[in-house]
Amino acid sequence: MRMKEDHMLNGQLKPGYNWQISTENQCILGYTIHQTTNDINTLQTHMESLKENLGKMPETLVADAGYGSEENYEYLEKNSVEAYVKYQYFHKEQSKKWREDPYRTENLPYNKENDSYTCPMGQQMNFIKEKIKITDNGFRQIKRLYQAENCNGCPVRDVCNNSKSNRIIEINERLNHYKSIIRERLTSERGKKYRSQRPVDVEAVFGIIKWNRNYRKFLLRGLEKVEIEVGLLALSHNLSKIAARN
Ligand code: SF4
């Protein structure tokens with residue numbers, strides 16, 4: 001896998017696994033091992049494993065933007081898990097600069113009557129087609145494409161449209177729907193509390209294991225053995241946490 005820690009700075013591939021953990025009060029509730037660098041694709045397997053361990057799905061999940069995707073939001077909703085899972089650009093979109101940028105697709109006004117958007121120069125952007133993508137997990141993602149009628153000679157073309165054709169915007173309505181729910185949760189008092197708690201909870205556990213205990217590499221090889229190894233590691237971590245509290 002391509003590792004985050006790249007001491008040679010040459011993007012070299014190295015053998016490794018993606019270790020996912022769920023914690024509560026710095027105790028590990030569950031762990032899974034994955035053969036992918038992409039955290040997004042690990043969420044559902046991890047949640048199913050948690051459900052098996054705990055006998056039920058957790059009621060709430062707090063996670064960073066690495067896990068926020070349409071298919072994950074849908075999965076969590078279907079399983080009645082209250083998601084406090086950031087999406088890409090969640091922090092950026094809180095800024096005044098982002099909210100007031102007239103060229104951002106998110107800021108273009110939508111006209112429900114004729115299913116169109118209005119571009120920054122007041123031109124109508126009409127629906128042209130749907131774009132369908134099947135993700136690695138077989139999830140069907142639908143984007144609706146809208147296009148401006150004529151960008152030729154537009155005085156703001158340089159900042160608005162970097163393609164050779166008339167500007168096209170892609171709208172994922174289902175994702176936007178989930179994002180509005182998640183945004184409301186994350187900016188609520190409870191959401192703010194969870195957001196500040198998350199790094200102290202789960203990141204601290206990685207900190208304790210990797211830095212305090214100097215555990216930087218798996219000692220065994222192969223998925224099955226590494227699963228046992230991290231299981232023992234999680235067990236010893238939890239025991240030390242419980243012992244420290246008593
Ligand atoms: S470049 Fe096209 S889409 Fe952008 S403001 Fe001009 S006409 Fe509108």
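Leu145 has 15 C-beta neighbours inside 10 Å, so the residue counts as partly exposed. The class scale is simple: buried means 20 or more other C-beta atoms within 10 Å of a residue's own, exposed means 12 or fewer, and partly exposed lies in between, with C-beta atoms placed from the backbone. This is a predicted model, in which local features need pLDDT of at least 70 and side-chain atom pairs count only at pLDDT 80 or more, while totals for chains, interfaces and linings use all residues. Residues are numbered from 1 along each chain as its sequence is written.

Leu145 is part of strand β8. Helices (H or I, at least four residues) and strands (E, at least two) are DSSP runs, numbered from the N terminus. Beyond its neighbours within four places in sequence, Leu145 contacts Ile128, Lys129, Lys131, Ile168 and Glu170. Contact means C-beta atoms, placed from the backbone, within 7 Å. Ser116 lies 29 residues from Leu145 in sequence, and their C-alpha atoms are 10.0 Å apart.

## Helix α2

Helix α2 covers residues 70–78. Its buried residues are Glu70, Glu71, Asn72, Tyr73 and Leu76. They pack against α1 (43–54), β3 (60–63), β4 (82–85), β8 (140–148) and α5 (173–187). Ser80 follows α2, with a positive phi near 55°.

## Helix α7

Helix α7 runs over residues 223–245, 23 residues in all. The expected span is 1.5 Å times one less than the number of residues. That gives 33 Å, and the end C-alpha atoms are 33 Å apart, which agrees.

Val230, Ala234 and His237 are the buried residues of α7. Their cover includes β1 (18–24), β2 (27–34) and α6 (189–212). An α-helix has 3.6 residues a turn, so residues three or four places apart point the same way.

Conventions: Two residues are in contact if their C-beta atoms, placed from the backbone, lie within 7 Å.
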